[in-house]
There are 2 protein chains.
Amino acid sequence: MMESTETTASGTGAMFACGAQSIRFPVPVFVRESASIVGKKEGEGPLGEFFDVIGSDELFGGSTWEEAESCLQRDSLHLAVKKAGLHTTDIRYLFAGDLLGQGIATSFGLMQYERPLFGLYGACSTCGLSLTLASMAISGGFTDIAACVTSSHFASAEKEFRFPLGYGNQRPLSATWTVTGSAAFILSSSAGSSPRALITGVTPGKIVDYGLRDSMNMGACMAPAAADTIARHLDDFKRSPADYDRIITGDLGQVGQRVLLDLLSERGIELGERHTDCGIEIFDCKKQDTHAGGSGCGCSAVVLSAFILRQLFTGRWRRVLFVPTGALLSKTSFNEGQTVPGIAHAVVLESPLPAA
Amino acid sequence: MMESTETTASGTGAMFACGAQSIRFPVPVFVRESASIVGKKEGEGPLGEFFDVIGSDELFGGSTWEEAESCLQRDSLHLAVKKAGLHTTDIRYLFAGDLLGQGIATSFGLMQYERPLFGLYGACSTCGLSLTLASMAISGGFTDIAACVTSSHFASAEKEFRFPLGYGNQRPLSATWTVTGSAAFILSSSAGSSPRALITGVTPGKIVDYGLRDSMNMGACMAPAAADTIARHLDDFKRSPADYDRIITGDLGQVGQRVLLDLLSERGIELGERHTDCGIEIFDCKKQDTHAGGSGCGCSAVVLSAFILRQLFTGRWRRVLFVPTGALLSKTSFNEGQTVPGIAHAVVLESPLPAA
């Protein structure tokens, strides 16, 4: 005889769970430290002063674009561990991924650390995916310390998804510019001396497909997924946008932002000035010719590390909803005429400072 | 002042953890049901009678090889949910992945279910990765029910990693044959009416690279990772091979098996007849011209679903260590002359029957 399945939505996770999609952690997980490394162009953007390291060239010591991206992951994790005053052997589990086929930036970048690795793929949402799973591992009591690492590289991404750089292809204004960068985050069940933020909840996202097929307008492809995750999050937690200082998507860019705000408005949710997007923040699109904004799973990761965590750490912001967004296409799926579905994973980040 | 990092190895996870790499679940996670779908060639192999569905052609209703693999994932999950007497809405979280660039078999195969998705990539170890993370999510109290889905397809894998089928390229005897198949597993905190097995522990693996570069001998590339994970597992749990009825790797094939047994023997661990390999079990290599054996993340998944769980369910085996193995290469990394590192994730599966 089957037991009733009606207990599923609340289930054993009832003490943590709000609704069927989100998790409220009974005890916050600490973002103990982080580090970001970016390319020259990102360093010349509006957030340039906040990144830990700005590369002097785009190869970062590698001999190919893929190796360059591996070096970014290797170095951002090294720096984050060092800033946290830890050793790499203190990291019990790694949660990491990138945009390249078969995640080679991660495999070749992190293998030297010889730590157990959970390889992830959520396109440009991978930073949110990694923070979500690492928080679950810590909150579940399976490790004290975990690290999350993600990356993207303009040149490896152009090669992987579009055209070799040498083609000098033209890009429409709806296209985004893949960020060259990597950030690593040290998550822990204990605060350490000076935690950057607390993770108090997550809303893992579903794939949402509005049938768009334009890989040069990925903001529009991903916006429906972001809208779905944000709406679901607010519903699960019984919150309104006013409960957040900022709701920050990953890389919708200027076109995707308009779609997101419209879609949420149709559901009666007005984000207004509370919404921003890592892809919009990282570049001065007019001066830097980056069109709709930055993108890539390095984009949301480096903006989180360098900018968002800084606002939380100083108490300027009390609580943000960080919603990295991913476009689930490959060169093959695009060439076969498939749609570009989106996914977005939301993470609640709060200031470690006591409320004033 | 930094707090001591010496607590890391035991940490808050002490009640679950054995050593620095493994997790012992305080309460077992149930494998409530599973389903497997395979291609014609797999159906003609020694395990043919055990698979739930054998396709009549290799497209499974799709119009491309990639779509065919998506159909495999879609259908195996549908069947597993149905066999478990559940609805897809009972599945709170999906943990899934495949071998294709950017995981498109998973994205396009599972999006119709509209469930939150954790996208994974561990090459042919992905089945173990998915079972590990889903078990952690359930044991941590974050969901009652989760599903794990993985797949591979001979034709999509040849296209992704080697040559288009039309080339009719020759393969050395050390090469393996990518299994066309997908399996889905329903994991739960509660037993349901007739659970197939219990998951009582896991040993997530590290990347191990012996510097091999031969993508036509992936068994040898992955064997060092399998040896590392198995040795670490036995050490963490203070067990010997005799504590397991079988220790079953994913897709080392006949060449990789010899490397594995030698490497473990050097460490004083003799697996002997207790070792088998899903890639060796699934094909009759001589009759079916599959050379060293089967491979692909569908290989270990369908053998687990159809054969290994059956032995546990009937009590013929009491406890097995399931160790899917992955080769972390891409077409790009291979063409750039990179090595082929390996990874292996171990899962302890026990019979649901009381000991005789």
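A:Thr339 is buried, with a relative accessible area of 9%, where buried means under 20% relative accessible area, exposed over 50% and partly exposed in between (1.4 Å probe, protein chains only). The structure is a predicted model, in which local features need pLDDT of at least 70, side-chain atom pairs count only at pLDDT 80 or more, and totals for chains, interfaces and linings use all residues. Residues are numbered from 1 along each chain as its sequence is written, chains are lettered from A and ligands numbered from 1 in the order in which they are written, and side-chain values use heavy atoms, with hydrogens and water left out.

**The two chains**

- A:Thr339 sits in the loop between helix H11 (331-335) and strand E15 (342-344) of chain A; helices (H or I, at least four residues) and strands (E, at least two) are DSSP runs, numbered from the N terminus.
- The side chain of A:Thr339 makes a polar contact with the side chain of A:Asp209 (2.8 Å); such a contact is a pair of N or O atoms within 3.5 Å, and within protein one must be able to donate a hydrogen and the other to accept it, while residues adjacent in sequence count only if both atoms are side-chain atoms.
- Leaving aside residues up to four places away in sequence, A:Thr339 touches A:Asp209, A:Gly211, A:Leu212 and A:Arg213, and also B:Phe108 and B:Met111 of chain B, contact meaning heavy atoms within 4.5 Å.
- A:Thr176, in the loop between helix H5 (154-161) and strand E7 (177-178) of chain A, counts as buried at 4% relative accessibility.
- The side chains of A:Thr176 and A:Ser295 make a polar contact (3.1 Å), and the residues that A:Thr176 touches, beyond those up to four places away in sequence, include A:Arg171, A:Thr290 and A:Gly294.

**Helix packing and a buried leucine**

- Helix H4 (residues 126-139) and helix H10 (residues 297-313) of chain A pack at an angle of about 60°, with their axes 7 Å apart; axes are lines fitted to C-alpha atoms, for helices over the stretch in contact, and angles run from 0 to 180 degrees between N-to-C directions.
- That makes H4(A) oblique to H10(A), since angles under 35 degrees count as roughly parallel, over 145 as roughly antiparallel, 65 to 115 as roughly perpendicular and the rest as oblique.
- A:Thr126, A:Cys127 and A:Leu131 in H4(A) meet A:Cys297, A:Ser300, A:Ala301 and A:Leu304 in H10(A).
- In chain B, B:Leu131 lies in helix H4 (residues 126-139) and counts as buried at 1% relative accessibility, and the residues that B:Leu131 touches, not counting those up to four places away in sequence, include B:Phe185, B:Leu304 and B:Val347.

**Positive phi values**

- Most residues other than glycine have a negative phi.
- A:Gln102, by contrast, has a positive phi near 60°; A:Gln102 is found in the loop between strand E4 (93-97) and helix H3 (104-110) of chain A and counts as buried at 4% relative accessibility.
- B:Ala123 has a positive phi near 50°, and B:Ala123 is buried, with a relative accessible area of 1%.
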